[in-house]
Amino acid sequence: MRYLRFLLLGAACVFVLPALANNTGDPDGGNAVDEANVNSRYTVESIDVAGQHDYTLSQSLLQQIHSLVGAKLNSEALTSLARAISREVRARGVSVRVLRGSEPEYVRVVLEVNEGHSRFDVSVPKFLWHSSEGWTAEGRATTTLGNNSFSIGLLSNGDDLLERYAGFNAAYQRRALGSDKVNFALTFEDYHEEWNRATLEAAGSDPQFLYRSRRNVEPELTFLVSRDLAFTAGVSMESMQPETAGEPDKSANSVTGTVRYHKTIEGSALNQALDASYNVRAANRNLGSDFVYTRHKVKAQYTVAHNRHQVEVGFEGGAIVGTAPMFERFALGDSSTLRGWDKFNLDPLGATRVADGSVTYKYGMMRAFYDVGAVWDRGERAEPKQSVGVGLEGNLGFLGHNEFLMAFAFPLNQGHLEPMFVAGMNF
Amino acid sequence: MRVSNEDLYVQRVNDDLRVSAPRIHFLSGQPLTRLHDGVSVPFDFQLTLFSGTRETPFRRTVERFVVSYDLWEETFKVARTRGARRTGLSASDVENFCLQNLTVSAAGVPPGNRMWVRLEIRAQDSPEGASGINDPGISLTSLIELFGRPPRNSQHWMLDSTAFRMEDLEH
């Protein structure tokens, strides 16, 4: 009954709100306006992007621009392009101006990016309810001054790790540090931990596994090697206050490195995207760390879309060599991995090895998914688990992807059906 | 924008009522700037007929006209979303065309009843001028954008006629 109530509420959000959002005044859609524009008989001579100071547009956007040059003026396509640029450069907006071209029958298009000199915004990057984990919520305030942005976030997250961590984080980011290809970020985090009963029982007589709070300072430099490839290097200095009174604080100081690759291929029938990353964190005594370990994690996702059909295939794997603190250990069974399972039933202390994959099919607002994965420790045998699920997602068109998402997931081969329910946005 | 009621003239065409407003120029200000920028601007018209009392509308007509400005010929094009369209017009020609194609039926109004007509014109933000904001999650900016849209994006004119009877109007 509880699930049914959430289902009805979610369905109302998914079906009714988009209808309201779309009912903003143009009964005939953009085509009527496009045909009505007398300038649509003229050929586009050039498209300029004005106000573009410290960023470059992606290959796909440049291709979109090139495809419109030399063609008849298409207001609908220009609107779509302006929105895509605004989204990519995170501008306040992009306005369209059409001017006379250098010859009769030709026009020039100017897209003006409105960045604003300073910007303040409050956002909710993550908000969800999970039937096993409870609530997870994060709020963030960000102010941007030119190339500098400052943000402060408040959160309580019971989804990402085996611990529920609550507290605040603050970050400073500087784009184009000396070069357009280099970005700098400095993050500070201060969290208090809560442990699940299953984790406390599993830790048993070895409570030094656990800590009551942790702080992290993490400077990073990101090098944009190409449009598709970025490399990040940094240092993470994490200190933990143990649960046991009288114990000294412990530290996990590590050097970090991440390689990210993103490729989008847009075709006439199929749109494809590939995201891949590799992350390594290495802590050793030379950095003053009490924990000595190396943590590797790879992640890849391939998406292919055709009309309203979309298929996503994802994989992630990881391994820890040495003894890592709890926040580094791997777990499956949350809102994005092995969704039919409770992570505290699978391994309440986490593990040093992980491998999981998932296939999601989406059609319009509907989605169905299959997850498989295993967590285990070195020397143990991996026992893969599987789950399947269905869900609904809705986009109002102004908040971003997965604005509202709700899903039921069921574990397979468990002997009994105990579904997991997830509802929220941006997860 | 409210204009005194002497600015709205009502004309009878059989059972229909048509209006003219020679002192209203909706092709001006921000909408005209957008038109000169080569984008099309939709204008929503509403003509409301009140009968007997000025509180309850008797009948209402809603029309949308999309106007654009030819950058090379320096003339306007207007298109009614249901059919008629004209090109090579001046600004005043466009204003007249819109009002000429806007009628409200007075059929069924009891003889001798006092009537009033209200004309409302609203210039909408065109799709080309729309801004896109897509921060992840619910953000203050996007909510302000959503809920603040009507007052920011539209210009509005409203005119009321004086009271009249059907018998007062010539065919």
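Q: In which sense do strands β5 and β6 of chain A pair, parallel or antiparallel, and over how many bridges?
A: In this predicted model, strand β5 (residues 134–145) of chain A pairs with strand β6 (residues 148–157) of chain A in the antiparallel sense, and nine bridges link the two.

Q: Which residue is the bridge partner of Thr143(A)?
A: Thr143(A) has Phe150(A), in β6(A), as its bridge partner.

Q: And what about the hairpin, which residue there takes a positive phi?
A: Gly146(A) does, with a phi near 60 degrees, in a hairpin that leaves two residues between β5(A) and β6(A).

Q: Switching to the open sheet in chain A, what is the strand order?
A: The three strands come in the order β1-β3-β2 (chain A), and their pairing is mixed. Because β1 (43–50) and β2 (93–100) of chain A stand at the edges with a single partner strand each, one side of each is left without a neighbour in the sheet. On average, neighbouring strands of this sheet are turned by 20 degrees against each other, if direction is ignored.

Q: How many bridges join β1(A) to β3 of chain A?
A: Seven bridges join β1(A) to strand β3 (residues 106–114) of chain A, and these two strands run parallel. Within β3(A), Arg108(A) is the residue that stands opposite Ser46(A).

Q: Which helix packs on the sheet?
A: That is α4(A), which touches β1, β2 and β3 of chain A and whose direction makes about 140 degrees with that of β2(A).

Q: How far does α4 of chain A reach from its first C-alpha to its last?
A: Helix α4 (residues 75–89) of chain A has 15 residues and reaches 21 Å, close to the 21 Å expected at 1.5 Å a residue.

Q: Which residues of α4(A) are buried?
A: The buried residues in α4(A) are Ser75(A), Leu78(A), Thr79(A), Leu81(A), Ala82(A), Ile85(A), Ser86(A) and Val89(A). They lie on the same side of α4(A), because the arc they cover around the axis is only 165 degrees.

Q: Over to chain B: which residues of α1 are buried there?
A: In helix α1 (residues 29–36) of chain B, the buried residues are Pro31(B), Arg34(B) and Leu35(B). Seen down the axis of α1(B), they fall within an arc of 100 degrees, so they line one face of the helix. Gly29(B) and Thr33(B), on the other side of α1(B), are exposed.

Q: What covers the buried residues of α1(B)?
A: The cover includes β4 (41–51), β5 (57–69), β9 (115–123) and β11 (155–160) of chain B.

Q: What follows α1(B)?
A: Gly38(B) follows α1(B), and its phi is positive, near 85 degrees.

Q: Last topic, confidence: what is the mean pLDDT of chain A, and where does pLDDT stay under 50?
A: Chain A has a mean pLDDT of 84, with 85% of its residues at 70 or more. Its pLDDT stays under 50 over residues 1–34 of chain A, for which the model has 42 contacts beyond four places in sequence. Where pLDDT is low, the predicted coordinates should not be read in detail.

Q: And what is the mean for chain B?
A: For chain B the mean pLDDT is 80, and 78% of its residues reach 70 or more. Confidence in chain B is lowest in strand β1 (residues 2–3) of chain B, at a mean of 40, and highest in helix α2 (residues 91–100) of chain B, at 93.

Q: What ipTM does the predictor give the complex?
A: The predictor gives the complex an ipTM of 0.77, alongside a pTM of 0.62.

Note on methods: Residues numbered from 1 in each chain as written. Chains lettered and ligands numbered in written order. Predicted model: local features only at pLDDT ≥ 70, side-chain atom pairs only at ≥ 80, totals over all residues. Pairing = 2+ DSSP bridges. Helix = DSSP H or I, 4+ residues; strand = E, 2+ residues; numbered from the N terminus. Expected span 1.5 Å × (residues − 1). Buried ≥ 20, exposed ≤ 12 C-beta atoms within 10 Å, placed from the backbone. Arc of directions from axis to C-beta. pLDDT = per-residue confidence, 0-100. Axes fitted to C-alpha atoms, helices over the stretch in contact; angles between N-to-C directions. Contact = placed C-beta atoms within 7 Å.
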